[in-house]
Every structure is written in structure tokens, then in C-alpha cells.
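Welcome! Please take a look at the sequence and the structure, and keep them open as you read.

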Amino acid sequence: MNQGQGNAGRGQARVFAFTRQDDQALNAVVRGILSVCSFDALALIDPGSTHSYVSLYFALRFSRQHELLNDPFIVATTIGESLLAEYVYRACQFRVEARNTLADLIVLDMVDFDMLMGMDWLSSCYAIVDCHAKIVKFEIPNEPSFILRGSQVQRFAKLNPL
């Protein structure tokens with residue numbers, strides 16, 4: 001099983017795509033359904049994001065407590081907003097193509113996606129993102145490689161409870 005790093009540093013982090021409009025306008029991201037802590041989540045896989053995030057509403061489903069980040073930081077979004085990241089869920093289990101991986105998820109007030117998976121998780125999983133083909137290939141050492149196929153659908157159902 002692979003361990004996510006998730007060590008948020010001081011200062012400012014960035015996300016490349018943050019809304020559905022960003023996702024549809026950009027070819028540099030992959031979206032799909034990931035299973036996290038036994039729940040299906042609408043995820044945006046964004047190599048332009050420094051960290052991985054979970055929406056405040058989706059995180060309410062978790063049966064675990066979040067922790068206060070040692071160094072809270074500001075996240076700059078593509079729509080010009082700055083959001084404070086203060087809390088993290090450590091070592092959340094993800095199931096991708098019958099394989100388990102772990103990631104730290106920082107709580108962020110976002111509404112268009114349940115999760116945004118960034119370079120911290122992607123690099124810990126030795127992932128190669130093909131944004132044109134909308135696939136993510138995982139090449140974890142000493143394990144067979146596997147592929148996550150992203151969604152090509154323009155419209156999708158919202159998973160967050162209101």
C-alpha cells in the first residue's frame with residue numbers, strides 16, 4: 001500500500017482547475033469517480049495542484065476526525081479567490097482499480113467537486129497523467145501498473161449532500 005505525503009508547507013499553494021467551468025475549458029485535468037474511505041467521490045485529478053483536497057461537505061461523511069495543520073496556508077484559485085486551508089484528514093484510503101493508496105486530504109470550501117487530487121498524491125503513487133486521453137497510469141514500484149480512466153462526460157451528477 002502506498003502512503004500519501006501531504007505535507008503542506010508555509011505560504012501559498014495553488015490549484016490549476018477549481019470549478020466545473022475550469023474543468024471543461026482545460027485539457028490539463030482528468031475527472032472521475034474515486035472511492036475514498038468507502039465512499040464514491042467525484043474527483044478532479046489536477047497535476048497543477050500542489051496538494052490534495054476534500055470538500056467540506058464531502059468530509060462530513062468520514063467517520064474520523066480531522067487535524068489542525070501545523071502550518072495553515074492560503075490556496076489561490078483560478079477564479080481569483082484565496083481560501084484558507086487549516087484542517088487535514090490524514091492517511092485516507094483510496095481504492096483505484098482494486099488497489100489501495102493513501103493520501104492526506106486538506107479540507108477546502110469547494111462545491112463543484114468532492115475531491116481535488118494533486119501532485120502530492122500523484123507523485124506518491126508514481127502516476128503518469130495523460131490529460132489528452134483522460135487516463136492516469138500508476139506505476140508503483142514492485143507492483144503491476146494499473147490505469148484509471150477518467151470521465152469524458154460533459155454533464156455529471158453532484159455527489160455532495162446539500
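Here is a short briefing, from the whole chain down to single residues.

This is a predicted model, in which local features need pLDDT of at least 70 and side-chain atom pairs count only at pLDDT 80 or more, while totals for chains, interfaces and linings use all residues. Residues are numbered from 1 along each chain as its sequence is written, and side-chain values use heavy atoms, with hydrogens and water left out.

**The chain as a whole**
- The chain holds three helices and 11 strands (DSSP runs: H or I of at least four residues for helices, E of at least two for strands, numbered from the N terminus).
- Along the sequence, the pattern reads β-α-β-β-β-α-β-β-β-β-α-β-β-β.
- Of its 162 residues, 47% are buried, meaning under 20% relative accessible area with a 1.4 Å probe, protein chains only.

**Strand β7 and its partners**
- Eight of the 10 residues of β7 (residues 99-108) are buried, so the rest of the structure largely encloses this strand.
- β6 (residues 82-96) runs antiparallel to β7, joined by seven bridges; pairing requires at least two DSSP bridges.
- Gln 93 stands opposite Leu 102 in β7.
- Two residues lie between the strands of the β6 and β7 hairpin, where Glu 97 takes a positive phi near 50 degrees.
- β4 (residues 53-55) pairs with β7 in the parallel sense over three bridges, and Tyr 53 faces Ile 106 in β7.

**Ser 124 in helix α3**
- Ser 124 belongs to helix α3 (residues 119-124) and is buried because its relative accessibility is 6%.
- A polar atom of the Ser 124 side chain lies 2.8 Å from the backbone oxygen of Trp 121.

Terms used
Buried < 20%, exposed > 50% of the residue type's maximum accessible area, 1.4 Å probe, protein only. Polar contact = N/O pair within 3.5 Å; in protein donor to acceptor, adjacent residues only side chain to side chain.
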